[in-house]
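Here is a short report for someone meeting this structure for the first time. Take a look at it before reading on.

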Amino acid sequence: MRYPPESQWGANVGLAIAREFLNPVKRKYPELSYADIWTLAGAVAIEQMGGPEIPWRSGRTDSTTPTTVPDGRLPSANKGSPDATAAHVREVFTRLGFTEREAIALIGAHAVGRCHTDASGFWGPWTRAETTFSNQYFRLLLDENWTEKKTHEGKPWTGPLQYESADGSLMMLPSDLVLIQDPEFKKIVQIYADDEKKFFEDFSTSFSKLLELGVPFKSTPKKRFLW
């Protein structure tokens with residue numbers, strides 16, 4: 001993601017801030033690849049926010065040329081209808097080798113952070129504790145009454161379709177809402193809403209798998225560390 005066009009793709013808008021934040025680490029430890037630094041930072045951040053330990057190992061290498069992969073292969077927030085969006089979620093994660101359960105565990109990372117209108121066009125946090133990793137995202141999906149956002153700060157909402165809680169303080173994307181609109185997805189959401197420990201266990205395994213996709217490691221999985 002260091003080079004255009006990938007660094008400028010809509011799904012990556014705003015990540016320049018994180019990359020720049022980690023540049024001093026690269027300068028201090030030039031022998032480490034950017035890919036190892038970024039993935040390790042993600043694993044550490046999750047644990048520091050109260051989430052599970054993430055098994056991690058080094059061995060990623062950096063490309064010296066821009067990607068030739070086309071844009072549009074990452075999950076989209078909305079494909080026009082709940083059925084189409086649910087099918088899209090399945091297609092993206094299946095292509096990457098994830099089961100539905102692994103996919104929903106990964107989407108549970110929406111427990112932290114928020115959307116910014118100057119980045120994605122959407123606005124607001126998913127949860128009431130956006131710097132705490134928990135299963136609150138799944139609990140809120142089931143417990144809140146989500147309606148289409150119509151106004152923002154007293155004016156008509158002109159951004160893309162999103163949903164908000166009854167008090168307007170929280171948001172969900174169309175791709176979030178399909179997790180309770182699709183019967184099979186909703187079963188998994190219910191599991192994680194009821195059992196944070198199970199969510200943490202599944203997320204740890206799935207996120208570690210995500211961080212290792214396509215990497216020809218010379219080390220074995222036994223060389224993973226916990227952070």
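Asp202 is buried, at 16% relative accessibility. The model is a predicted one. The side chain of Asp202 meets that of Arg101 in a salt bridge, 2.8 Å from N to O. Arg101 lies in helix 4 and Asp202 in helix 8, so this bridge ties together parts that are 101 residues apart in sequence. Arg101 itself is partly exposed, at 32% relative accessibility.

**Salt bridges**

How many salt bridges does the structure hold? There are 13. Three of them are set out below.

| Salt bridge | N to O distance |
|---|---|
| Arg90 and Glu100 | 2.5 Å |
| Arg101 and Asp202 | 2.8 Å |
| Lys150 and Glu148 | 3.6 Å |

Arg90 and Glu100 meet through their side chains. Arg90 is in helix 3 and Glu100 in helix 4, so the pair joins parts 10 residues apart in sequence. Arg90 is partly exposed, with 23% relative accessibility. Glu100 is partly exposed too, at 31%. Salt bridges also link Arg90, Glu100 and Asp182 into a network. Elsewhere, Lys150 is bridged to Glu148. Lys150 is exposed, with a relative accessible area of 53%. Glu148 is partly exposed, at 39%.

**Helix 4**

Helix 4 spans residues 100–107 and is mostly covered. Six of its eight residues are buried. They are Glu102, Ala103, Ile104, Ala105, Leu106 and Ile107. What do these buried residues pack against? Their partners are helix 3 (82–95), helix 5, helix 6 (174–181), helix 7 and helix 8.

**Aromatic rings**

The whole structure contains 12 aromatic pairs. One of them joins Phe133 and Phe200. Their ring centres are 5.7 Å apart and their planes stand at 55°, a tilted arrangement. This pair links distant parts of the chain, 67 residues apart. Phe133 sits in the loop between strand 2 (124–125) and helix 5 (136–143), while Phe200 belongs to helix 8 (residues 196–211). Phe133 is buried, with a relative accessible area of 3%. Phe200 is buried as well, at 16%.

Tyr192 and Phe199 make another pair, with centres 5.5 Å apart and planes at 50°, so this one is tilted. Tyr192 is buried at 0% relative accessibility. Phe199 is likewise buried, at 0%.

Which residues do ring pairs link into a cluster? The members are Phe133, Tyr137, Phe138, Tyr192, Phe199, Phe200, Phe203 and Phe207.

Charges sit over rings in two places described here. The charged end of Arg114 lies over the ring of Trp123, 6.0 Å from the ring centre. The charged end of Lys149 lies over the ring of Trp157, 5.3 Å from its centre.

**Around Ala193**

Ala193 is part of helix 7 (residues 183–194). Is this residue buried or exposed? Ala193 counts as buried, because its relative accessibility is 11% and the cut-off for buried is under 20%. Its C-alpha atom is 4.8 Å from that of Arg139, a residue 54 places away along the chain. Beyond its neighbours within four places in sequence, Ala193 is in contact with Asn135, Phe138, Arg139 and Leu142.

**A surface patch**

Val25, Tyr29 and Leu32 form a nonpolar patch on the surface. Where is Leu32? Leu32 is in the loop between helix 1 (15–28) and helix 2 (34–48). Leu32 is partly exposed, with a relative accessible area of 30%.

Terms used
Residues numbered from 1 in each chain as written. Predicted model: local features only at pLDDT ≥ 70, side-chain atom pairs only at ≥ 80, totals over all residues. Heavy atoms only, no water. Patch = residues over 30% accessible without salt bridge, like charges linked within 9 Å, V, L, I, M, F, W, Y side chains within 5 Å. Areas by Shrake-Rupley, 256 points an atom, 1.4 Å probe, with all protein chains shown as cover. Salt bridge = Lys/Arg side-chain N within 4 Å of Asp/Glu carboxyl O. Helix = DSSP H or I, 4+ residues; strand = E, 2+ residues; numbered from the N terminus. Buried < 20%, exposed > 50% of the residue type's maximum accessible area, 1.4 Å probe, protein only. Phe/Tyr/Trp six-rings, centres within 6.5 Å; stacked < 30°, edge-to-face > 60°. Lys NZ or Arg CZ within 6 Å of the ring centre and 35° of its normal. Contact = heavy atoms within 4.5 Å.
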